[in-house]
Amino acid sequence: MKKIILVLILFYANIYAISLQEVNTHLQISLQTKLKGKNAPIIKEIYKSFDNQPIWVNNSAKMSSLIQALKSTKYNYKHKVFDQKSIKKLLYYLDNNNISNEKKAMVYARLDLLLTNSYIRLLRFIVQGDIDWDLVQKKLKALEESDDIKAVWEMKKKPFLSTKEIISSIKSPDINTYLDSLLPMKQRYLSLIDLLVKYRQMDKFPKISYTNKVLKLGDRDSRIVSIKKRLQITGDYPKNIKINNKFDKALQKASITYQKRYLLKVTGTIDKTMTYYLNQPAKKNIKSIITNLDKTKLYPKSFEREYVEVNIPDFNLRYYKNGDMISKMGVVVGRIDRPTPIFSNSIKYMVLNPTWTIPDNLIKRDLIHVFRENPNYLVEHNIHVFRGKKEVDITPDMLNEYEHSDKKVPYRFVQYPGDSNALGRVKFMFPNKYAVYLHDTDNKNLLNRRYKIYSSGCMRVDRPFELLEILLSHATKKYDKYDIEKIISTNKPTTIRLKPYVPIHIVYFTVYEEDGLAYFKNDIYMYDKILQESIIGRSKPTFKMPKNRFIKTN
C-alpha cells in the first residue's frame, strides 16, 4: 500500500508537468476512435457528464481507491485481469519517465480510459457475475430429455446498472462504500469471501495413506500424525496441542466435527471414507466456494426481516427473524431424478389433518406399479378413488393403459387423514405451479439418513410442530397448544390462514459458514457442476450427467 501511494505521488508530480488540455485533447480523440465493445456507449456517456475531462489521472485518492478495488478479493474474487497489467505497466512507464514528453499526454488519456473501462467491468462482475445463466437454464431443461429429470431453478437475472447511477458513484467521495452497497446476499457473501481468503492461504494438505484399519480412541498409528496436521489446517484439531501418533480425545472430537461438516456418518473414528475426504485438495474447496459466490448474484442484497430458508444440499430448514436464526431442522428433499424446485414464494396457510391428492405423474410413475403388485395397497393406505365427485372401486387393470401414456389418469386418488398419511399431520402451503410444499411425514426414519433425497419434490420436515408453533404467531386467529391437539383429534382437515404471509426461499448452497466452521455439502443435483461449466468465455455447450453421483468407499 505504501509503495502504491509513493508511486502515485510521483505520478501526480509528473502529470502536472504537462498540459491537462493536451490530455483532454487526446482523451476526446480516443473516445471517438478507440472505444469498442458493449461498454463503449456507457463510457462515452460518463465522460460527457464530466465535460470530457479526465476522471482518474488528476485525482490521486479516487485512482488509488479504484486500483485497490480491482485487486480486492471482496469485489474481484476470481482475480479477473480487468486491464490491471496494462494499468500497472503505464503507471510504471510514467513514473520512471520512460515515455517521451510528446507522448505523455496521450498515455495519460489512455490510462484514464483504461481505468474507466475497468471500473465498469468490475461493476458488471459484482452485479451480474460471469455465469451464462441462459446456458445454465438450457442445460437444466435438457436433463428432462437426456435423463428424465425435470430440473427447475427460477433465476432472476439482474439488469446492469444505469449509466446515471455509475456516474453518481464516480462522483461520490468513496467508491468502496458504493461497491459494498452492490454486494448480493451481503452477510452470506462476505462470509464466503472470508472462507475463500482462508482456504487460499492454507498450507498444502498432507497426504494420508489408505488402510482398511479403522482408527479409534486409544490407537497409536503413524498415520495419526498426518491426520492431526491435516485437521489442524482446517481448524478442526486445536493448533495449541502438541502432535503425536496417539488417537486422543482431542482427535476424536475433531473427527466428529469434521464428519458433521462433510455430512459423513458421525462415529468419532477414522475410516477409508473419511480418509478419502481428508485427501481432497484445498483447491476443490476453493472451487466450491467460488461457485457458491457466483450463485449469490441471483439474489438481492438481503432477504426479508423474517423468512424461512430451505437449503436443499444441506437438508436443513432455517427460520430467520431480525437477522437471527431462531430454528433449524432437518428436511427430506426431492430424489436426484425428481429434484425439488429452486424458487421463492410465501407460506400462506397451514393444514392440519391434510388429505393427499396423488399427482398424475406419481400415479403413473409409482402407484400403478405398486397397485398391480399389491391389489390391497389402496385399502391398506387409506386411499380413496374418485371419478368426478363420485367415489368408485377400481382394479389395477383399469389403469394399465395410462402407465406409459401422455393421457391424464381420469381418476383422483385421495389419501385420507391419519397417522399413515404421507403428509403426516400438517402441511405448510405456499401455492405454486410445481405443487410442492413443506409437510410432516409418516416415515421419520428417512430423516436419519445421510443423503435425505427420498421425496418426489416436496420437503418433509423433521419437527413440523415446532415450525407450526412459530408460524402460529402469523395466524389470523389465536390458537394454543390445546386447540391444535383438539383439531388433530378430530381427524378432519382444518386450514389455518396466515397474515402477513411468511416468505420462503428454497436455495441451493453447497458451502456455508456456521459457528465458526466451514461446511461443504455434496452437489446432489449437479447444479454446481453445471455452473462451473457455464462460465462466459470457457463454457461447455452441453452437460452430461455422470453415472456415479455419489462417493462409494468400502
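Which residue in β8 is the bridge partner of Trp356? The views below come from a predicted model, in which local features need pLDDT of at least 70, side-chain atom pairs count only at pLDDT 80 or more, and totals for chains, interfaces and linings use all residues. Residues are numbered from 1 along each chain as its sequence is written, and side-chain values use heavy atoms, with hydrogens and water left out.

**View 1. Trp356 and the β5-β8 pair.** The bridge partner of Trp356 in β8 is Gln415. Two bridges join β5 to β8 (residues 412–415), and these strands run antiparallel. Strands are DSSP runs of E, at least two residues; helices are runs of H or I, at least four residues; both are numbered from the N terminus. Two strands pair if DSSP finds at least two bridges between them.

**View 2. The open sheet.** Four strands line up in the order β5-β8-β6-β7, with antiparallel pairing. β5 (356–357) and β7 (390–391) are the edge strands, each pairing on one side only.

**View 3. The largest nonpolar core.** This core holds 168 residues; Tyr119, Val310, Ile312, Ile347, Phe413, Phe430 and Leu438 touch the most other members. Helix α6 (residues 101–128) gives the largest share, 15 residues. A nonpolar core is a set of buried Ala, Val, Leu, Ile, Met, Phe, Trp, Tyr and Cys residues joined through side-chain atoms within 4.5 Å. Buried means under 20% relative accessible area, exposed over 50%, partly exposed in between (1.4 Å probe, protein chains only).

**View 4. Around Val310.** Leaving aside residues up to four places away in sequence, Val310 touches residues including Asn316, Leu438, Met459 and His505. Contact means heavy atoms within 4.5 Å.

**View 5. Glu469.** Glu469 lies in helix α17 (residues 464–471). Glu469 counts as exposed because its relative accessibility is 59%.
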